[in-house]
Every structure is written in structure tokens, then in C-alpha cells.
Amino acid sequence: MENKNVLTYKGKMLLRKGNEIYYGNPGEKYMVLFRITENEKLKDITLAKKVIIELRTNSEKSSVLIKQAEREGLYKAFDIGFFWLEDALENY
């Protein structure tokens, strides 16, 4: 059964919880965590200024950190995070 309220990008789930955004599917070996550490106000909009990107194993009990980086802005963070996840799923 498909949940129409779940946001996806390139066939993988995107889930936001506070300042954390999780990207990946539950059954896959890896996932990416985007942690927004600094925000910036632009008129009435809040923008992500600094984002930590983590490639992690996808385990309910204990997730292991594989790679980590920091980028300015969500766009740059997503760019590297999406690449890391695709690369990990294809090569590890």
C-alpha cells in the first residue's frame, strides 16, 4: 500500500523531524541524515545556512557513521548527500 503523504525524491523517502532530514528507504543498507545546525532569516522565510551531512548504515538498533561533511545551504548538502547514497548503494 502506498502512502501518498510521504515525500520522495528520486524514488527514496524524505522525512523531516525538527532540524533533521532523513533520506533513504527503510529496506536499503544505507541512508543519509542532513542535520541543519544554523538557520538564517530572509524576510519571513527561514533558510538552512549550515548543514551536516552523514552517510550512515540503515539499522533500527544502531546506525554506524560512514562519512560526514558540512556544507553551506541545503542545496549543496543535498547534492553531496544524494551522490554519497547512490554511490554507497551501488558499490558497497
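Strand β3 (residues 20–23) and strand β4 (residues 30–42) run antiparallel and are joined by 4 bridges; strands are DSSP runs of E of at least two residues, helices are runs of H or I of at least four, and both are numbered from the N terminus. Two strands count as paired if DSSP finds at least two bridges between them. The model is a predicted one, in which local features need pLDDT of at least 70 and side-chain atom pairs count only at pLDDT 80 or more, while totals for chains, interfaces and linings use all residues. Residues are numbered from 1 along each chain as its sequence is written, and side-chain values use heavy atoms, with hydrogens and water left out.

**Strand pairs and hairpins**

- Glutamate 20 has arginine 35 in β4 as its bridge partner.
- The hairpin of β3 and β4 has 6 residues between the strands, and glycine 24 in its turn has a positive phi of about 145°.
- β4 also pairs with strand β5 (residues 45–57) in the antiparallel sense, over 12 bridges, and isoleucine 36 stands opposite valine 51 in β5.
- In the hairpin of β4 and β5, 2 residues lie between the strands, and lysine 43 in the turn has a positive phi of about 60°.
- β1 and strand β2 (residues 12–17) pair in the antiparallel sense over 3 bridges, with threonine 8 opposite methionine 13 in β2.

**The sheet and the overall pattern**

- The protein has 1 helix and 6 strands, which follow the pattern β-β-β-β-β-β-α along the sequence.
- An open sheet of 6 strands has the order β1-β2-β3-β4-β5-β6, with antiparallel pairing.
- β1 and β6 stand at the edges with a single partner strand each, so one side of each has no neighbour in the sheet.

**Aromatic cluster**

- Ring pairs link Tyr9, Tyr23, Phe34, Phe78 and Phe82 into a cluster; rings of Phe, Tyr and Trp (its six-membered ring) pair if their centres lie within 6.5 Å, and planes under 30 degrees apart count as stacked, over 60 as edge-to-face and the rest as tilted.
- The count by this rule is 6 aromatic pairs.

**Extent and burial**

- Along its principal axes, the C-alpha trace spans about 40 × 30 × 25 Å.
- Of the 92 residues, 33% count as buried (under 20% relative accessible area, with exposed over 50% and partly exposed in between, for a 1.4 Å probe and protein chains only).

**Confidence**

- The mean pLDDT (the predictor's confidence in each residue, from 0 to 100) is 91, and 96% of the residues reach 70 or more.
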